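Hello,

Here is the structure I promised to pass on. Please open it alongside this email, and I will walk you through what turned up.

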Amino acid sequence: MNKNKICSISVDLDPIGHYLKARGYLPSSKTNLNAIYDDALPRMIEIFDRFEIKATFFVVGKDLKNKENRDRIFNLANNGHEIANHTYSHLQNFFELDFKSKQKEIENADKIISDCTGKKVNGFRAPGWGINRDVFEVLEKNSYFYDSSVFPSKLLSIISYANFILNRGKLQSTLGSSSRIGRSPKQPYRPDSKKLWKKGKSSIVEIPLTVLPYFQFPFLGSTLYLFGTSFFNLCFNYFKLFNRPLVYEFHGLDQVDYFSSIEDERLLVKPGLGKEIHEKINLYVHCLSKFSNNYNFNTMYELARSLKV
């Protein structure tokens with residue numbers, strides 16, 4: 001293993017209700033709206049423990065109104081995982097909100113998460129990669145150490161359109177807040193507070209989504225589920241040629257057992273959702289075994305602190 005290479009595993013714990021509401025759907029009688037915590041999270045932790053991974057979980061604040069969810073998140077934090085901010089409500093149009101509404105979404109989530117874990121929240125990720133300078137102003141005011149909301153690919157507009165088509169036009173706001181964000185640096189940097197796609201002197205370290213060098217194709221869990229292990233292997237073997245940190249994003253939905261917890265055909269537009277649970281576990285194991293053989297695992301806060309930017 002190259003001890004100089006770092007991999008940070010992050011998990012966005014978007015609630016089932018978000019996937020429905022964002023598409024204008026009401027839940028069916030069979031749907032467990034807390035399936036991310038009840039079903040997927042214990043399975044994820046079992047897999048991460050197998051590889052001795054301390055991950056970063058981006059938590060939606062309102063989910064911690066549930067006592068059992070609070071207990072789970074407290075235990076994660078107590079066991080060395082990082083708990084970060086994914087807003088209070090995970091609104092699909094988050095980046096379109098006015099300044100005060102964005103501030104409320106971030107600060108309300110910060111309070112409920114820090115009250116739950118007893119620790120300061122250091123990191124933030126915007127829903128749908130919807131970052132703008134209003135968000136950075138709030139993060140700086142609240143002394144955040146890093147953000148991870150930039151989608152640094154010139155393919156952003158194409159991918160957003162493909163996502164719109166994949167969701168059959170049901171998802172109006174898709175990825176990112178501006179096509180200019182696609183011109184952002186591909187490795188961690190300190191942004192200009194007014195032009196986030198340029199390097200500057202912000203107190204916040206930006207850790208962008210990992211994209212393949214030169215090709216700018218996103219390298220994350222969604223593509224693993226969409227294209228399978230052969231394509232993943234091709235991308236990974238190429239990426240590891242470069243001396244760059246790997247920030248790999250999963251979603252809680254990845255490890256939900258569709259047949260026991262959801263059974264809602266309207267959500268099968270989500271990549272891999274209808275796979276059998278043993279297939280989903282095998283995808284994670286395949287992916288993480290590759291990472292384990294080539295990288296050291298750090299939380300995103302640990303990664304941000306180690307960077308000289």
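Which residue in β3 does Phe57 stand opposite? The residue facing Phe57 there is Ile83. Before going further, please keep in mind that this is a predicted model.

Strand β2 covers residues 56-59 and runs parallel to β3, with 4 bridges joining the two.

Next, have a look at Phe236, which sits in helix α7, residues 221-239. Its relative accessible area is 1%, so Phe236 counts as buried, the cut-off being under 20%. Leaving out residues up to four places away in sequence, Phe236 touches Phe219, Leu246, Lys290, Phe291, Asn294 and Tyr295. Leu212 lies 24 residues from Phe236 along the chain, and their C-alpha atoms are 8.8 Å apart.

Finally, there is a pocket to show you. The second largest pocket holds about 210 Å³ of space. Its lining has 4 nonpolar, 5 polar and 3 charged residues. Among the lining residues are Lys21, Lys62 and Asp63, along with His18, His90, Ser89 and Gln92. Pro15, Ala22, Leu33 and Leu91 also line this pocket, as does Gly17.

How values were computed. Residues are numbered from 1 along each chain as its sequence is written. This is a predicted model: local features need pLDDT of at least 70, side-chain atom pairs count only at pLDDT 80 or more; totals for chains, interfaces and linings use all residues. Side-chain values use heavy atoms; hydrogens and water are left out. On a 1 Å grid over the protein atoms alone, a cavity is a set of points where a 1.4 Å probe fits but cannot get out, and a pocket is an open set with protein on both sides within 12 Å along at least five of seven lines; lining residues have an atom within 4 Å of a point. Grid points are joined across faces, edges and corners, and a volume is the space filled by probe spheres set on the points. Ala, Val, Leu, Ile, Met, Phe, Trp, Tyr, Cys and Pro count as nonpolar, Asp, Glu, Lys and Arg as charged, and the others, Gly among them, as polar. Buried means under 20% relative accessible area, exposed over 50%, partly exposed in between (1.4 Å probe, protein chains only). Contact means heavy atoms within 4.5 Å. Two strands pair if DSSP finds at least two bridges between them.
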